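User: I'm new to this one and would like to learn how to read its charged pairs and a helix. Can you walk me through it?

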Amino acid sequence: MKKAADYTPRVKKLFNRLKKSGAKSSLAEADDAMEVLLLGILSNYSTEQKAATAIDKLMAEMIDFNDLRVTPVADIVALIGVDFPHCRTAAEEIARVFTSVFNRTHDLDLSFLSSFTKKPAAFFLDSLDGLSPHAHAFFRNRFLKTHVIPLDANMHAYLIKNKCLPADTNVAEAQNFVSQVFKDRNAENFYALLKRSAAAHAPRAAAGKTAGRAKKTAKKTATMKKAAAPKKKSKKSTSRKAGARRR
């Protein structure tokens, strides 16, 4: 990142200010590679706990991850809930990324990446269609144990607003920069504190509009499914037909 030396003390000052607030975000647990990837996708738009809850809702209705891969975007939106921030965008990313994983591996299991060195693993993740920089970094950090600090959209915007990054810095550049500033335990603390504070200061209007559009889409999908579903025959009608056949 350009002028990194000028912005390093600003980021450290922000970290010290956040530490004084004493507030931390709880981190969600996930061991399965695909679940970590899914958590990384969803937590780009919400807290990790909300993302974990959304995963529980999804998988309660799915047979497996392949079932999720072939689920229409509108149905994913309906399952995670229209109140989930940027639910439509999150659902589209899930659909694109899971399809891309399957097209690359003919399976939905990324556990093999744990045997890769850092660069080949990062290169593979780069090849996945639709994977956000946040989910990319999140997977490398949580599953591959690589030192990198994921930044969601709110965190990235918050750092720019607080003049801790040049205005034209993209998310990938920002992640590399803050990962160089903070090491070990400080990295986890910085991530947790920044994520919570950035979410608290995120604009709400855009999310509300997205939820409204998604709610209409989900309602329309549910109506279409109901109309398309075969009508159940009454027991009385079935009984009459059975009797007619016996005669």
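**Reading the charged pairs**

Analyst: Let's start with a pair: R142 and E48 form a salt bridge, with their closest N and O atoms 2.6 Å apart. The pair joins distant parts of the chain, as R142 sits in helix α8 and E48 in helix α3, 94 residues apart. This is a predicted model, where local features need pLDDT of at least 70, side-chain atom pairs count only at pLDDT 80 or more, and totals for chains, interfaces and linings use all residues. Residues are numbered from 1 along each chain as its sequence is written, and side-chain values use heavy atoms, leaving out hydrogens and water.

User: What counts as a salt bridge, and how many does the structure hold?

Analyst: Side chains of opposite charge can pair when their charged atoms come close. The cut-off here is a side-chain nitrogen of Lys or Arg within 4 Å of a carboxyl oxygen of Asp or Glu. The structure holds five of them.

User: Are R142 and E48 buried or exposed?

Analyst: Buried means under 20% relative accessible area, exposed over 50%, and partly exposed in between (1.4 Å probe, protein chains only). Both R142 and E48 are buried.

User: Which residue pairs with R96?

Analyst: That's D129, with the closest N and O atoms 2.8 Å apart in this salt bridge. R96 lies in helix α6 (residues 87–105) and D129 in the loop between α7 (118–126) and α8, so the pair ties together parts 33 residues apart in sequence. R96 counts as partly exposed because its relative accessibility is 45%. D129 has a relative accessible area of 40%, so it is partly exposed too.

User: Where does K195 sit, and where is its partner?

Analyst: K195 forms a salt bridge with D152, the closest N and O atoms being 2.6 Å apart. K195 is in helix α11 and D152 in the loop between α8 and α9, 43 residues apart. Both K195 and D152 are buried.

User: How do I read helix α11 itself?

Analyst: Helices are DSSP runs (H or I, at least four residues), numbered from the N terminus. The expected span is 1.5 Å times one less than the number of residues. Helix α11 (residues 184–200) has 17 residues and reaches 25 Å from first C-alpha to last, close to the expected 24 Å. Its buried residues include F190, Y191 and K195.

User: What do the buried residues of α11 pack against?

Analyst: Contact means heavy atoms within 4.5 Å. The buried residues of α11 pack against α1 (4–21), α3 (48–60), α8 (133–142), α9 (153–161) and α10 (171–181).

Definitions and conventions:
Helices (H or I, at least four residues) and strands (E, at least two) are DSSP runs, numbered from the N terminus.
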